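I opened my notebook to look at how two chains sit against each other.

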Amino acid sequence: MFGNFFDSIILGASTAFTPQNLLYCLLGVTLGNLVGVIPGIGALAAMSLLFPITFHLDPVAALVMLGGIYYGTSYGGSTASILLNLPGMPSNAVTCLDGYPMARQGRAGVALFMTTIASFVGSSIGIIILMLFSPVISQFALQFGPAEYFSLMVMGLVIASLISEGSALKGLAMVVVGILIGLVGMDMYTGSQRYTFGRLELMDGVSLVAVAMGLFGVSEVIASIRNVGQVKFTKKITLRSMLPTKDDMRRSWLPMLRGTGIGSFFGTLPGTGATVSAFMSYAVEKRLAKDPSRFGNGAIEGIAAPEAANNASDQTSFIPTLTLGVPGNVNMAIVLGVLMVHGITPGPTMMVENANVFWGLIMSFWVGNVLLVLLNIPLIGIWVRVLLIPYHILYPTVLVFVCIGVYTINNSPFDVMTVLVFGMAGYGMKLIGLPAAPLLLGYVLGPMMEEEFRRAMLINNGNFEIFISRPISLFFIIVTVSVLGWSIWSAFSRQKELAVG
Amino acid sequence: MFSRDYKDIIAGAVLLGLGLFASVYGMNTMKMGTVAQMGPGFFPVTLGFILSGFGIAIFIPAFFRSGELPQPDLRSFLAVAASLLAFGLMVRPFGLLPAIFTLTIIASFADSKLALWRAALLGLALSAMAVLIFRFGLGLQIRLIAWPW
């Protein structure tokens with residue numbers, strides 16, 4: 001078993017350390033850091049932007065690059081949180097609470113340094129967990145049949161929609177909308193057309209990239225144009241100003257470890273992710289603190305814990321994606337998309353059949369995280385300058401890249417129009433408070449869910465009992481029902497509180 | 001503040017409409033099959049009904065509580081939408097570069113911070129960047145400039 005493990009690590013390292021993959025890793029993390037720093041462009045927009053390019057790369061290079069963008073954004077996102085009080089990414093929002101006060105006290109350098117260290121600690125432990133647990137989980141998942149997969153996906157989708165911001169009901173509804181959009185195209189069992197309205201372009205379904213870019217790129221641009229103000233800060237960050245005091249270090253290491261634990265748990269759970277982890281770990285630190293009033297006034301624990309948590313969660317979210325083929329969050333949906341484009345079936349067999357892809361990707365995380373530390377400590381000055389680029393230059397640039405990216409996949413103007421439609425829909429959804437993330441998750445999981453459901457029913461002659469008679473499936477159903485029950489109960493008790501108060 | 005939660009009324013109505021459309025259109029265009037032998041329509045039509053249920057559950061309670069009216073930023077919305085539309089319409093007949101240039105100009109109308117000549121400059125710069133990255137960097141075969149007639 002252990003000999004095997006070391007063989008795998010060596011295989012992974014020999015894949016990750018080829019000059020080509022090192023280059024794409026550097027490219028990925030640099031881009032990730034860049035879009036992380038800039039508020040209003042997220043990891044998802046950047047990943048879907050580069051998705052078309054990955055068609056021309058070999059699968060390892062493609063994954064290494066997209067992975068780098070994904071975890072790179074969490075490093076970069078804290079920079080804007082600290083300097084501007086404006087989160088670069090949603091998962092860095094909680095870092096504003098204590099990061100910005102630290103910057104105003106002249107301790108911006110220390111805050112930037114500590115968030116980088118915390119990110120690195122969180123990521124490293126997350127990668128170790130990923131390396132140790134993936135083989136175990138994928139072994140276990142070999143026993144999964146259609147019923148287990150269906151129940152697992154239902155659980156993931158329900159948890160995702162309940163935990164995402166806003167009302168649980170809207171989250172669930174958007175999952176259903178997503179599944180319906182995912183089903184557009186040719187039915188693979190019978191070959192008949194579903195919701196294609198006679199358009200040839202819809203036969204293969206609605207393009208994933210177009211949906212993702214519309215919902216998360218274009219709609220974000222529309223919402224940000226008038227809301228991102230001119231940036232003002234003049235302090236230069238010197239290396240000397242970044243050095244933390246002994247007291248800072250003493251206060252931070254335990255919160256970092258606790259944050260990592262929380263992040264790893266929520267990362268592994270399908271449906272939750274970095275944002276939930278960051279908020280949870282902040283709440284935990286505040287509760288554990290001897291003097292909670294320091295929080296919000298530049299407490300270093302308040303930046304160390306959530307930054308460790310969101311990075312740990314980024315790394316561990318690869319566990320369900322790679323071992324089960326069930327994406328842990330929307331970014332992972334893009335990763336799944338890349339795998340499928342290259343003919344690799346994500347899931348328990350991937351570790352055996354495509355061991356070089358699997359371990360190469362994991363070993364590239366080490367490379368990427370070390371690069372990110374270098375990018376964020378000695379080279380922090382670059383990112384500070386990036387924050388000074390005005391948004392009115394940035395957003396036309398983003399739109400141009402969105403359009404070229406989508407167009408070049410199939411040389412199809414229809415795909416550009418799809419982006420337009422989903423961009424407008426996404427902005428409308430923002431206005432009326434419908435969350436976009438559950439929609440995309442539903443879109444990706446929908447066709448898989450239907451397939452497993454139909455297969456399960458076919459095997460069992462249309463008897464629903466199969467979902468509760470098989471123990472693993474029953475376990476997923478019980479978790480789903482209890483989470484649903486808990487959320488209904490807490491919604492009602494909150495309403496009562498409001499009525500009394 | 002308004003006496004009704006218009007956001008949720010709109011959201012509920014939209015979801016209800018989508019759900020009904022998915023199930024009714026689905027029933028008319030696809031075979032349903034049985035639970036054991038599902039046809040292409042079974043799963044989507046069922047989901048359509050579930051979605052309509054969610055829509056109603058969001059729609060009705062919204063009449064009994066107060067809320068805010070959504071505040072759309074119409075100018076940004078229209079400018080961005082028009083710029084994408086222009087790109088989509090122009091890229092095939094006129095080629096990539098005119099499409100990029102037009103997109104940039106139209107998009108810059110969303111806020112008045114960029115003067116027209118600067119937007120034009122940005123459009124040229126972005127065109128140059130696109131050629132460098134996509135044509136020379138990735139070797140994609142896209143027509144840069146074309147004339148439709």
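These entries go through the chain interface and then the aromatic rings.

**Entry 1: the model**
I noted at the start that this is a predicted model.

**Entry 2: who touches whom**
I looked up the contacts between the two chains. On one side I found 64 residues of chain B, and they are in contact with 59 residues of chain A. Next I asked how much area chain B and chain A bury between them. The value came out at about 5500 Å², with 80% of it on carbon and sulfur atoms. Which three residues supply more of chain B's buried area than any other three? I wrote down B:F43, B:F77 and B:L84, which together give 12% of what chain B buries against chain A.

**Entry 3: charges and polar contacts**
How many salt bridges are counted between chain B and chain A? I got one. I found B:D8 and A:K170 meeting through their side chains in a salt bridge, at 2.6 Å from N to O. I also looked for polar contacts across the interface of chain B and chain A, and eight residue pairs turned up.

**Entry 4: the side of chain B that touches chain A**
I then checked which helices take part. In chain B, α1 (6-29), α2 (42-59), α3 (74-94), α4 (96-107) and α5 (116-137) each supply at least two residues of the side that touches chain A. Among the contributors, α3(B) gives the most, with 13 residues. I sorted the residues on this side of chain B by type and got 46 nonpolar, eleven polar and seven charged.

**Entry 5: aromatic pairs**
My search of the whole structure gave 24 aromatic pairs over all chains. One that I looked at joins A:F5 and A:F6: the centres are 6.0 Å apart, the planes stand at 70°, and the pair is edge-to-face. Is A:F5 buried or exposed? I read 15% relative accessibility, so A:F5 counts as buried.

A:F5 also pairs with A:W359. Why is this pair called edge-to-face? The planes of A:F5 and A:W359 are at 85°, with the centres 6.1 Å apart, and planes over 60 degrees apart count as edge-to-face. I liked this pair since it links distant parts of the chain: A:F5 is in helix α1 (residues 2-16) of chain A and A:W359 in helix α17 (residues 355-376), 354 residues apart. A:W359 has 3% relative accessibility, so A:W359 counts as buried.

**Entry 6: a cluster of rings**
Last, I noted one aromatic cluster in chain A, formed by A:F140, A:F144, A:Y149, A:F475 and A:F476.

Conventions:
Residues numbered from 1 in each chain as written. Chains lettered and ligands numbered in written order. Heavy atoms only, no water. Contact = heavy atoms within 4.5 Å. Buried area = accessible area lost by both parts, 1.4 Å probe. Salt bridge = Lys/Arg side-chain N within 4 Å of Asp/Glu carboxyl O. Polar contact = N/O pair within 3.5 Å; in protein donor to acceptor, adjacent residues only side chain to side chain. Helix = DSSP H or I, 4+ residues; strand = E, 2+ residues; numbered from the N terminus. Nonpolar A, V, L, I, M, F, W, Y, C, P; charged D, E, K, R; others polar. Phe/Tyr/Trp six-rings, centres within 6.5 Å; stacked < 30°, edge-to-face > 60°. Buried < 20%, exposed > 50% of the residue type's maximum accessible area, 1.4 Å probe, protein only.
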